[in-house]
Amino acid sequence: IEHLIKCFKKFGAILYRYPVFNALSGAILKLADEIHIHQDAMGEKKKSVFLFLENLIFVLHQYIDDIWKKSSKNPNFYDASMIADIDTFISLLKGEEQTPQNIDDLLEFF
């Protein structure tokens, strides 16, 4: 878990250097902090945690390929979806119900 936290913090710090990625970097850094705070919940909710992390890491690989390795017209294409997923996961760790904060951002992704 500590290695995972460290990786998310490093990735969030890299993104933070580019103002266009501030929203996503903030969500990733918040994710690292919440995982650190709620480490016990990570063990209690193993199945959900594993599925989320597997999906997030897949999406992050796609994000890196599409945004960083290929030229993309919209570098924020993935942001709304990833931020919503991260918020949902944080709510899962905290044991809270979560509703989308800005439905327009989610719909824009589709």
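In which hand does helix 2 cross helix 5, left or right? Helix 2 passes helix 5 in a left-handed crossing. Bear in mind that we're looking at a predicted model here.

**How the two helices pack**

Two packed helices are described by the angle between their axes and the distance between the axes. In this case helix 2 covers residues 22-37 and helix 5 covers residues 79-94, and they pack at an angle of about 20° with axes 10 Å apart. Angles under 35 degrees count as roughly parallel, so helix 2 is roughly parallel to helix 5.

Now for who touches whom. On the helix 2 side, the contact is made by Ala 23, Leu 24, Ala 27, Ile 28, Lys 30, Leu 31, Glu 34 and Ile 35. Facing them from helix 5 are Asp 79, Met 82, Ile 83, Ile 86, Asp 87, Phe 89, Ile 90, Leu 93 and Lys 94. Sorted by class, the contact of helix 2 with helix 5 has twelve nonpolar residues, five charged ones and no polar ones.

**Salt bridges**

Glu 34 and Lys 94 meet through their side chains in a salt bridge, at 3.9 Å from N to O. Glu 34 sits in helix 2 and Lys 94 in helix 5, so this pair links distant parts of the chain, 60 residues apart. Glu 34 counts as buried, at 11% relative accessibility, while Lys 94 is partly exposed, with a relative accessible area of 36%.

The side chains of Asp 33 and Lys 9 meet at 3.9 Å, N to O. Because Asp 33 lies in helix 2 and Lys 9 in helix 1 (residues 2-16), the pair ties together parts that are 24 residues apart in sequence. Asp 33 is partly exposed, at 39%, and Lys 9 is partly exposed too, at 38%.

Then there's a pair within one helix. Asp 65 forms a salt bridge with Lys 69, their closest N and O atoms being 3.5 Å apart. Both belong to helix 4 (residues 46-69), and being four residues apart there, they are separated by about one helical turn.

Here are the accessibilities of the residues in these pairs:

| Residue | Relative accessible area | Class |
|---|---|---|
| Asp 33 | 39% | partly exposed |
| Lys 9 | 38% | partly exposed |
| Glu 34 | 11% | buried |
| Lys 94 | 36% | partly exposed |
| Asp 65 | 29% | partly exposed |
| Lys 69 | 64% | exposed |

Conventions. Residues numbered from 1 in each chain as written. Predicted model: local features only at pLDDT ≥ 70, side-chain atom pairs only at ≥ 80, totals over all residues. Heavy atoms only, no water. Axes fitted to C-alpha atoms, helices over the stretch in contact; angles between N-to-C directions. Helix = DSSP H or I, 4+ residues; strand = E, 2+ residues; numbered from the N terminus. Parallel < 35°, antiparallel > 145°, perpendicular 65-115°, else oblique. Left-handed = near helix turned anticlockwise from the far one by under 90°. Contact = heavy atoms within 4.5 Å. Nonpolar A, V, L, I, M, F, W, Y, C, P; charged D, E, K, R; others polar. Salt bridge = Lys/Arg side-chain N within 4 Å of Asp/Glu carboxyl O. Buried < 20%, exposed > 50% of the residue type's maximum accessible area, 1.4 Å probe, protein only.
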